Amino acid sequence: MVKPTRITNAIRQLRFAADEMTQAELARRVGVTRQTILAIEQGKYSPSLEVAFRIAATFKVPLEQVFQYPNV
């Protein structure tokens, strides 16, 4: 059983704001599979720091606008 991550994200909202970019298109631009983007969006997988930065760069927004971590 996969333990969900506590990291939340706004990838879905950012994709739709970017002319309804598909998961496949985002995956191509970032260099991962569509399944990886799906798992990240659903909170089932935490991306590596490098992938997180690539996602933010794709949308031209700060990392904190894409990913959030609850205060401990």
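Reply: A salt bridge here is a side-chain nitrogen of Lys or Arg within 4 Å of a carboxyl oxygen of Asp or Glu. The side chains of Glu-25 and Arg-29 form one, with 2.7 Å from N to O. This is a predicted model, in which local features need pLDDT of at least 70 and side-chain atom pairs count only at pLDDT 80 or more, while totals for chains, interfaces and linings use all residues. Residues are numbered from 1 along each chain as its sequence is written, and side-chain values use heavy atoms, with hydrogens and water left out.

The part to look at is helix 2, residues 23-30. Helices (H or I, at least four residues) and strands (E, at least two) are DSSP runs, numbered from the N terminus. Glu-25 and Arg-29 both belong to helix 2 and are four residues apart, about one turn of the helix. Glu-25 also has a salt bridge with Arg-28, again at 2.7 Å from N to O. Glu-25 and Arg-28 are three residues apart in helix 2, so about one helical turn separates them. In general, an α-helix has 3.6 residues a turn, so residues three or four places apart point the same way. Together, Glu-25, Arg-28 and Arg-29 make up a network of salt bridges.

How exposed are these residues? Buried means under 20% relative accessible area, exposed over 50%, and partly exposed in between, with a 1.4 Å probe and protein chains only. Glu-25 is partly exposed, at 23% relative accessible area. Arg-29 is partly exposed too, at 47%, and Arg-28 is exposed, at 58%.

Other residues of helix 2 are buried: Gln-23, Leu-26, Ala-27 and Val-30. These four cover an arc of only 100 degrees around the axis, so they are on the same side of helix 2. The arc is taken over the directions from the helix axis to the C-beta atoms. The buried residues of helix 2 pack against helix 1 (11-17), helix 3 (34-41) and helix 4 (49-59). Contact means heavy atoms within 4.5 Å.

Take helix 3. The axes of helix 2 and helix 3 come within 8 Å and cross at roughly 110 degrees. This makes helix 2 roughly perpendicular to helix 3. Axes are lines fitted to C-alpha atoms, for helices over the stretch in contact, and angles run from 0 to 180 degrees between N-to-C directions. Angles under 35 degrees count as roughly parallel, over 145 as roughly antiparallel, 65 to 115 as roughly perpendicular and the rest as oblique. Helix 2 contributes Gln-23, Ala-24, Leu-26 and Ala-27 to the contact, and helix 3 contributes Arg-34, Ile-37, Leu-38 and Glu-41. By type, the residues of this contact are five nonpolar, one polar and two charged. Ala, Val, Leu, Ile, Met, Phe, Trp, Tyr, Cys and Pro count as nonpolar, Asp, Glu, Lys and Arg as charged, and the others, Gly among them, as polar.

Glu-41, in the contact on the side of helix 3, also has a salt bridge with Arg-15, at 2.5 Å from N to O. Glu-41 is in helix 3 and Arg-15 in helix 1, so the pair ties together parts 26 residues apart in sequence. Glu-41 and Arg-15 are both buried. The structure holds four salt bridges, among them the pair Glu-41 and Arg-15.

Next comes helix 4. Its buried residues are Val-51, Ala-52, Ile-55, Ala-56, Thr-58 and Phe-59. Seen down the axis of helix 4, they fall within an arc of 160 degrees, so they line one face of the helix. Leu-49, Glu-50 and Ala-57 are exposed on the other side of helix 4. The buried residues of helix 4 pack against helix 1, helix 2, helix 3, helix 5 (63-66) and strand 2 (67-68).

Which residues does Thr-58 touch, not counting those up to four places away in sequence? They are Met-21, Leu-26, Arg-29 and Val-30. Thr-58 is buried, at 17% relative accessible area. Of the residues that Thr-58 touches, Leu-26 and Val-30 are among the buried residues of helix 2, and Arg-29 is partly exposed.

Just after helix 2, Gly-31 takes a positive phi of about 90 degrees. Just after helix 4, Lys-60 takes a positive phi of about 55 degrees.
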